[in-house]
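Here's a quick briefing to read with the model open beside you. Have a look at the fold, then work through the points below.

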Amino acid sequence: MSTLKLHDERMLQTSDSVFSLATIDEDSGVFFVGLENGTVEQYDLRTQNRVGRFDVQVKMITSLLVYRTLLCSASYDSSVVIWDLRKVTSKTQASFFGEEPIAVLRDHKEPCSSMTVVNNLLLTGARERFVKIWDLTDFKKITEIKQDQSPKQLLSFPSENRLFCLGDADFVQTWEIGENGSTIKRLPELQLHRDLITSACLSAQYFFTSSSDGWIDTYSRDLVKQYDTRTSCRLEQLKFANNYLFASREKGDIHVYKQT
């Protein structure tokens, strides 16, 4: 892989402003978008068409995570609602009509800005500078980590115990999370950009970051820089799926980049 290329100027067309993105996994044909109106929309990556709509919150979706069969959505009311994707009520236009969430997590004082899973534990971060660690079996809080800065994005590679925490800075805080959250060890910070890091995402092999000056940097899994890509504007969120990099822009639309 040598570069990223804007793929045919294609964009996903959503029904409202985009605030959060999520995928099932990078090989899946399913992509989820969290909107300002509290709705989550589901898209088929192959056709770019909407195939599902979930009214999961009453306020803006601030973070979205899909893990195995769980859809986790965070709202501006500081709650995190967890749904079972096996309970969709229609195969042609998926929804949760008539279904109840399997859990509602309420411990943050401010809206949850990001979520990830490490060692089968759910980690949620909010502006009060705490990362909460939850058991995905009984959905109870295990412990919390105090950050130096507000964690606006949490990331982790599959099958690893490293947590990457992005804040309003040009570096990334890293942590090692022990099994069952029993031990938490702070690791050296990563200095990846000369400017503010606006977003990042992971694939099975790569670590992508975007900065406020309009660049996307691509690193290998062991965090060795591979190349950089110039974009036309500041990017707010990145997600990777099916060899495509989805970049949410300030305007609310989503540009699609292809690995070449």
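**Overall picture**

The protein exposes about 11,800 Å², and carbon and sulfur atoms supply 44% of that area (accessible areas come from the Shrake-Rupley method with a 1.4 Å probe, and for residues only the protein chains shown count as cover). Keep in mind that this is a predicted model: local features need pLDDT of at least 70, side-chain atom pairs count only at pLDDT 80 or more, and totals for chains, interfaces and linings use all residues. Residues are numbered from 1 along each chain as its sequence is written, and side-chain values use heavy atoms, with hydrogens and water left out.

**Make-up**

- You'll find 24 strands and zero helices here (both are DSSP runs numbered from the N terminus: helices are H or I with at least four residues, strands are E with at least two).
- Of the 260 residues, 56% count as buried (buried means under 20% relative accessible area, exposed over 50%, partly exposed in between, with a 1.4 Å probe and protein chains only).
- Take the contacts between residues at least 6 apart in sequence: 42% of them join residues at least 24 apart (contact means heavy atoms within 4.5 Å).

**A four-stranded sheet**

- Four strands make an open sheet in the order S6-S7-S8-S9, with antiparallel pairing (two strands pair if DSSP finds at least two bridges between them).
- Strands S6 (61-67) and S9 (103-105) are at the edges with a single partner strand each, so one side of each has no neighbour in the sheet.
- From one strand to the next, the twist averages 20 degrees (axes are lines fitted to C-alpha atoms, for helices over the stretch in contact, and angles run from 0 to 180 degrees between N-to-C directions).
- S7 (residues 70-75) and S8 (residues 80-84) pair in the antiparallel sense over five bridges, and Leu 70 stands opposite Asp 84 in S8.

**Ser 114**

- Ser 114 sits in strand S10 (residues 112-118) and is buried, with a relative accessible area of 6%.
- Leaving aside neighbours within four places in sequence, Ser 114 is in contact with residues including Ser 63, Leu 123 and Lys 152.

**Gln 226**

- Gln 226 belongs to strand S21 (residues 225-230) and is partly exposed, at 40% relative accessible area.
- Beyond its neighbours within four places in sequence, Gln 226 is in contact with Tyr 206, Thr 218, Tyr 219 and Ser 220.
- The C-alpha atoms of Gln 226 and Tyr 206 are separated by 9.1 Å, with the two residues 20 apart along the chain.
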